[in-house]
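Hi,

Here is the structure I promised to pass on. Have a look at it first, and my notes follow below.

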Amino acid sequence: MSSSNFQTKLLDMQKNLLSFAYILTSNRDDAYDLLQDTTLKALDNEDKYVDNVNFKGWVFTIMRNIFINNYRKVVRSATVIDQTEDLYHLNLPQDSGFETPEGSVAAKEITDAINAFSDDYRIPFSMHVAGYKYNEIAEKMNLPLGTVKSRIFFARQRLQQTLRDYR
């Protein structure tokens, strides 16, 4: 098939392709993006098209595959993988607990337990919980990195011991 004949056939199918893209995406802007991606991919792979093959089926298959690949990419990027040792994040309840009086009491007890630590343990632990990295804490507190890590570890153990009734 000549290049001009290929392009003519592809342009004649744009309305059908847009309808199919809208069925797949259910969104006008996404459908136009999918149509554009499909047209570009078909033009890039023009040399791979064989004359005796159903042209319409070939182009629709390209569109469907692009849609599936994009969908998988979105799902992959939205997936959260819990890499903590004890799957801490997966085992967290989805609500914060502050909606109930018991939840607010528990939060107050946790805060009180942390505030009962000496400054040597409370400050690095609080900074770690706030999102600071170990090396940032060590730098701000002018301590060796190993000391910061051990203080956070012992503060965590002490907190677990203090709040063992909540398990």
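A quick definition before the notes: contact here means heavy atoms within 4.5 Å. Helices (H or I, at least four residues) and strands (E, at least two) are DSSP runs, numbered from the N terminus. This is a predicted model, in which local features need pLDDT of at least 70 and side-chain atom pairs count only at pLDDT 80 or more, while totals for chains, interfaces and linings use all residues. Residues are numbered from 1 along each chain as its sequence is written, and side-chain values use heavy atoms, with hydrogens and water left out.

Now the overall picture. The protein has eight helices and zero strands. Of its 167 residues, 25% are buried (buried is under 20% relative accessible area, exposed over 50%, partly exposed in between, with a 1.4 Å probe and protein chains only).

On to helix packing. Helix 2 (residues 14-25) packs against helix 4 at an angle of about 30°, and the axes are 11 Å apart. Axes are lines fitted to C-alpha atoms, for helices over the stretch in contact, and angles run from 0 to 180 degrees between N-to-C directions. That makes helix 2 and helix 4 roughly parallel to each other (angles under 35 degrees; over 145 is roughly antiparallel, 65 to 115 roughly perpendicular and the rest oblique). From helix 2, Asn16, Leu17, Phe20, Ala21, Leu24 and Thr25 meet Lys56, Val59, Phe60, Met63, Arg64 and Phe67 of helix 4.

Then the aromatics. There are nine aromatic pairs in the structure; rings of Phe, Tyr and Trp (its six-membered ring) pair if their centres lie within 6.5 Å, and planes under 30 degrees apart count as stacked, over 60 as edge-to-face and the rest as tilted. One of the pairs is tyrosine 49 with tryptophan 58, tilted, at 5.2 Å centre to centre and 55° between the planes. Tyrosine 49 and tryptophan 58 are both buried. Phenylalanine 55 and tryptophan 58 also form a tilted pair, with centres 6.2 Å apart and planes at 35°. These two sit three residues apart in helix 4 (residues 55-78), so about one helical turn separates phenylalanine 55 from tryptophan 58. Phenylalanine 55 is buried too, at 5% relative accessibility. Phe6, Tyr49, Phe55 and Trp58 make up one aromatic cluster.

Last, tyrosine 132: you'll find this residue in the loop between helix 6 (119-129) and helix 7 (134-141). Tyrosine 132 is partly exposed, with a relative accessible area of 34%. Neighbours within four places in sequence aside, tyrosine 132 is in contact with Met127, Ile137 and Lys140.

Cheers
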